[in-house]
Amino acid sequence: MKYKAVIFDLDGVVVSTDNYHYQGWKRLADDENIYFDRKINERQRGVSRMESLDVLLEKSDKIYTTEQKIEMATRKNEYYKEFLKDLTPDEILPGVLKFTEFLKSKGIKIAIGSSSKNTPSILKNIGLDSYFDAVADGNSIKNSKPDPEVFLLAAKLINEAPEDCLVVEDADAGVEAAIAGGMDVIGVGTASSNKNATYSFADLNCVDFNILK
Ligand code: BG6
Ligand code: MG
């Protein structure tokens with residue numbers, strides 16, 4: 001097979017939490033009277049919580065202290081965690097389990113590479129906490145996507161060279177991160193129109209397994 005491992009982004013690839021991120025940021029923006037919409041939210045895909053806050057604050061004229069920013073990011077995370085409480089395996093995205101089961105049957109390792117610090121609780125709620133060979137997430141990295149750190153860490157945890165790994169991403173920042181890390185990448189969802197993606201599919205249900213040969 002062409003790849004020894006596939007590294008999955010979490011939000012918007014494995015599970016449909018991306019809309020909950022939007023709702024959390026929207027509520028914070030409304031609290032603070034800051035304009036926010038889905039187009040702005042697109043730029044928050046794949047980037048860390050604090051960097052996502054900076055994207056939201058571009059529409060504000062105010063100057064904020066570090067303490068105020070930490071409070072706002074924490075408040076958004078509390079709103080977001082309200083949604084996560086009700087997260088179930090039903091919210092695993094189409095085609096994920098079909099693809100991962102195929103990979104497992106071929107002896108291809110699977111890992112998570114996510115910027116999210118909520119990764120452990122999300123995986124637990126969707127029943128996949130011991131499903132992946134390794135999990136690299138926002139709790140174990142310094143630089144979030146488009147920096148390749150999280151994907152390089154995932155490759156290291158499963159003992160595979162970056163060039164033997166294929167990434168699955170829904171964010172432009174994630175596609176850039178994979179390429180910067182020397183990995184091929186499948187773009188799904190928003191990233192399916194990213195010209196730099198090695199392969200593009202609407203979602204994981206549409207993946208042509210021949211790309212793995
Ligand atoms: C990424 C999301 O997976 O995680 C981003 O695409 C989010 O939108 C980032 O900002 C950080 O998430 P969390 O759960 O640590 O706030
Ligand atoms: Mg994502």
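Start with the largest pocket of this predicted model, which holds about 540 Å³ of space. To find its middle, select Val47, Ser48, Arg49, Ser115 and Ser116: of the 31 residues that line the pocket, these are the closest to its centre.

Next, colour the lining of the largest pocket by class. Now switch to a cartoon view and pick out helix 1 (18-31), helix 3 (49-57) and helix 4 (66-85), each of which supplies at least two residues of the lining. Which helix gives the largest share of that lining? Helix 4 does, with 5 residues.

**Into the ligand site**

What takes up the space of the largest pocket? Show ligand 1, and you will see that the space it takes is this very pocket. Then select the residues that surround ligand 1: there are 15, and the closest are Asp11, Arg49, Ser116, Lys117 and Asn118. Coloured by class, this shell has 2 nonpolar, 9 polar and 4 charged residues.

- Arg49: an N or O atom of its side chain is 2.7 Å from an oxygen atom of ligand 1.
- Ser116: look for a polar side-chain atom 2.6 Å from an oxygen atom of the ligand.
- Asn118: here too a polar side-chain atom lies 2.7 Å from an oxygen atom of ligand 1.

Ligand 1 has 390 Å² of accessible area on its own, and the protein covers 96% of that.

Check the backbone here: phi of Asn33 is near 55°, a positive value in a residue other than glycine.

For the last stop, go to Pro146, which you will find in the loop between strand 3 (134-136) and helix 7 (149-157). Is the peptide bond that joins Lys145 and Pro146 cis or trans? The bond is cis, with omega at about 15°.

Note on methods:
Residues numbered from 1 in each chain as written. Chains lettered and ligands numbered in written order. Predicted model: local features only at pLDDT ≥ 70, side-chain atom pairs only at ≥ 80, totals over all residues. Heavy atoms only, no water. Near = heavy atom within 4 Å. Polar contact = N/O pair within 3.5 Å; in protein donor to acceptor, adjacent residues only side chain to side chain. Areas by Shrake-Rupley, 256 points an atom, 1.4 Å probe, with all protein chains shown as cover. 1 Å grid on protein atoms, 1.4 Å probe; cavity = no way out; pocket = protein on both sides within 12 Å on 5 of 7 lines; lining within 4 Å. Sits in = over half its atoms within 2 Å of the grid points. Nonpolar A, V, L, I, M, F, W, Y, C, P; charged D, E, K, R; others polar. Points joined across faces, edges and corners; volume = space filled by probe spheres on them. Helix = DSSP H or I, 4+ residues; strand = E, 2+ residues; numbered from the N terminus.
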